[in-house]
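I opened my notebook today to look around a protein model, one piece at a time. Here is what I looked up, in the order I went.

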Amino acid sequence: MNASKDNSAERADAALDFGAEEFYDADDLEEIGYEADAQAEAAGASTAGAQAPQPEDPYVVGGQRLQKVLARAGVGSRRVCEQLIAAGRVSVDGVRVTEPGVRVDPATQDIRVDGSRVLTDPDVITVMLHKPAGVVTTMEDPEGRPTVAEYADRYLSEHAEQLGGAEKAAALRLVHVGRLDADTEGLLLLSNDGELTHRLTHPSYEVPKTYVAVVKGRAAAGLPRRLRRGVELEDGPIAADRAVVKDSGPDASIVEVTLHSGRNRIVRRMLAAVGHPVIRLSRTRLGPLTLGNLRPGAMRALNGAEVSALQQEVGL
């Protein structure tokens, strides 16, 4: 084997460790008829003194103080949250609240700051998992293969104390948000936030996903443009939003692809169609979230800023 072949092999081998590296370079028109007939005038007169329906008072007897709920959700200190409320930037069930002493139920009420939903229910959890290759993205597998459900159960068990005790943790259920095929590793979310899960997986929201692939053969300089132009597959055409060749050698290359399609094994099929079968594949980004230094098999709960960014991504 010559020296150039040795160098390309070393680069490809080094690229197989995905966990620690960040692979990023820096109308309707409404027609209104104005009829001034006697009947309309009479109707208007009869309702002139009627008041518009008032929004329902969001105060909950026995609830928790709003500023405390916001502070615990990571919005800011108790004092900062009081200032946000006084400024009229907080709403509860669609009603703007300006009194910090209002008591609310964080588990059932919709609480927002500047229109963005605040996750105030402590039982609603979203966890990032670095799914290892060989793990099936299902809650159970008849073939006995390891599943992401095992990781979800492990997370709840390991964090039972901060979740309110073993009994409460055992009553919670985290499910996978979307899928990664068994051979693909990388960023996968586990959550019991139903609305967030629905929006992240529904194709109409078009959440972008980024993958890094080690592929067979030397990737030509024109490959990214070809992927962006689109590739014809048996179930229809597919085009990358972004594609970059990170490294290229005679035996193997590293290609980064961003797209918003959720079709089955789409990245593998796309790259195979252009003559570069995938050797190894990892999802490194989902919307605003990045895998970062999370190692295969490791998990962590999303912080408040990450949850907020995800909600903005899907219009929550």
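This is a predicted model: local features need pLDDT of at least 70, side-chain atom pairs count only at pLDDT 80 or more; totals for chains, interfaces and linings use all residues.

**Entry 1: a covered strand**

I started with β14, and I found it mostly covered, with eight of its eight residues buried. Strands (E, at least two residues) and helices (H or I, at least four) are DSSP runs, numbered from the N terminus. Residues are numbered from 1 along each chain as its sequence is written, and side-chain values use heavy atoms, with hydrogens and water left out.

Which residues of β14 sit on which side? I listed A252, I254, E256 and T258 on one side, and S253, V255, V257 and L259 on the other. Both faces are covered.

**Entry 2**

Next I looked up strand pairing, which here needs at least two bridges found by DSSP between two strands. A reminder to myself: strands of a sheet pair through backbone hydrogen bonds, either parallel or antiparallel.

β10 pairs with β14 in the antiparallel sense, over eight bridges. Within β14, V255 is the residue that A213 stands opposite. Strand β13 (residues 242-248) also runs antiparallel to β14, and six bridges join them. There I found R242 with T258 as its bridge partner. A hairpin of three residues leads from β13 to β14.

**Entry 2: helix α9**

How many of the eight residues of helix α9 are buried? I got six, so the helix (residues 266-273) is largely enclosed by the rest of the structure. The buried ones are I266, V267, R268, R269, M270 and L271. They pack against several elements, including β10 (209-216), α8 (223-229), β14 (252-259) and β15 (278-286). Contact here means heavy atoms within 4.5 Å. Just after α9, I spotted G275 with a positive phi of about 85 degrees.

**Entry 3: strand β7**

I then turned to β7 (residues 126-131), where six of the six residues are buried, so this strand too is largely enclosed by the rest of the structure. T126, M128 and H130 point one way, while V127, L129 and K131 point the other way.

What does β7 pair with? I found strand β9 (residues 185-191), antiparallel and joined by six bridges, with T126 opposite S191. Strand β17 (residues 299-301) is antiparallel to β7 as well, through three bridges, and M128 stands opposite R300 there.

**Entry 4: a sheet of four strands**

I also noted an open sheet with the strand order β3-β2-β5-β6 and antiparallel pairing. Its edge strands are β3 (95-97) and β6 (116-117), each pairing on one side only. Strand β2 (residues 90-92) meets β3 over three bridges, and V90 has V97 as its bridge partner.

**Entry 5: the cores**

In soluble globular proteins, nonpolar side chains tend to be buried together. A nonpolar core is a set of buried Ala, Val, Leu, Ile, Met, Phe, Trp, Tyr and Cys residues joined through side-chain atoms within 4.5 Å. The largest one has 39 residues, and among those with the most contacts inside it are L227, V255, L259 and L271. Helix α5 (residues 148-158) gives the largest share, five residues. Where does this core lie? Domain 2 (126-203 + 292-314) and domain 3 (208-286) both give residues to it, so it lies between them; the domain bounds come from an automatic or database domain assignment.

Another core, of 16 residues, lies apart from it, and L200, L294, V307 and L310 are among its members. Going back to L227, I set aside its neighbours within four places in sequence and found contacts that include V255, V257, M270 and L271.

Is N293 buried or exposed? I noted 57% relative accessibility, which counts as exposed. N293 belongs to the loop between β16 (289-290) and β17.

**Entry 6: the whole protein**

I finished with the totals: ten helices and 17 strands, and 41% of the 316 residues counted as buried.

Conventions: Buried means under 20% relative accessible area, exposed over 50%, partly exposed in between (1.4 Å probe, protein chains only).
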